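Trainee: Could you go through this model with me, starting with the aromatic side chains and then turning to the confidence?

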Amino acid sequence: MKKSLSLLLALAMVLSCMSFAFADGIYTPGTYEATGKGYSDKEPVTVKITVDENAITAAEIEGSGEEPFGIAYFDMYEEALIGRTDGEIDAFTNATLTRNGISEAVEKALAKARGEEVAEEEPAAEEAAPAEEAAPAPE
């Protein structure tokens, strides 16, 4: 009986120590923003998430360079992110590249929430189109 009681007490102590280790959560509460490469080569997908100590509590997605079929799913992607601790969300038909950009941006924003350094990539600059040569004026 004493042995069982000692074992139970030791287990309770270990579990209580573990709860203190995770009590602070993994994120610094706040709002974080990051970008990811979606469908467009010119305009990244921008995700703004709000987190508490443990998960995403709100999400906003912007991506004017995405195709209309990808943009149509932004609300559903935003809802799917609530309560998550990562950017892994299911893709909807025809919107996989958009989802990939959203997931990339969420992972970067969550890294910021954990206090990690995150390098944001600049969107590729448009290449200048060659100037057309003026046709000679008719005489």
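**Aromatic pairs and confidence**

Trainee: How does Phe92 count, buried or exposed or partly exposed?

Mentor: Phe92 counts as partly exposed, because its relative accessibility is 28% (buried means under 20% relative accessible area, exposed over 50%, partly exposed in between, with a 1.4 Å probe and protein chains only). This is a predicted model, in which local features need pLDDT of at least 70 and side-chain atom pairs count only at pLDDT 80 or more, while totals for chains, interfaces and linings use all residues. Residues are numbered from 1 along each chain as its sequence is written, and side-chain values use heavy atoms, with hydrogens and water left out.

Trainee: And how does Tyr77 count, buried or exposed?

Mentor: Tyr77 counts as buried, because its relative accessibility is 0%.

Trainee: What kind of aromatic pair do Tyr77 and Phe92 form?

Mentor: Their pair is tilted, at 5.1 Å centre to centre with 55° between the planes (ring centres of Phe, Tyr and Trp, the last by its six-membered ring, must lie within 6.5 Å, and planes under 30 degrees apart are stacked, over 60 edge-to-face and the rest tilted).

Trainee: Which residues do ring pairs link into a cluster with Phe92?

Mentor: The cluster consists of Tyr73, Tyr77 and Phe92.

Trainee: Changing topic, what is the mean pLDDT of the protein chain?

Mentor: The mean is 82, and 70% of the residues reach 70 or more, pLDDT being the predictor's confidence in each residue, from 0 to 100. Where pLDDT is low, the predicted coordinates should not be read in detail.
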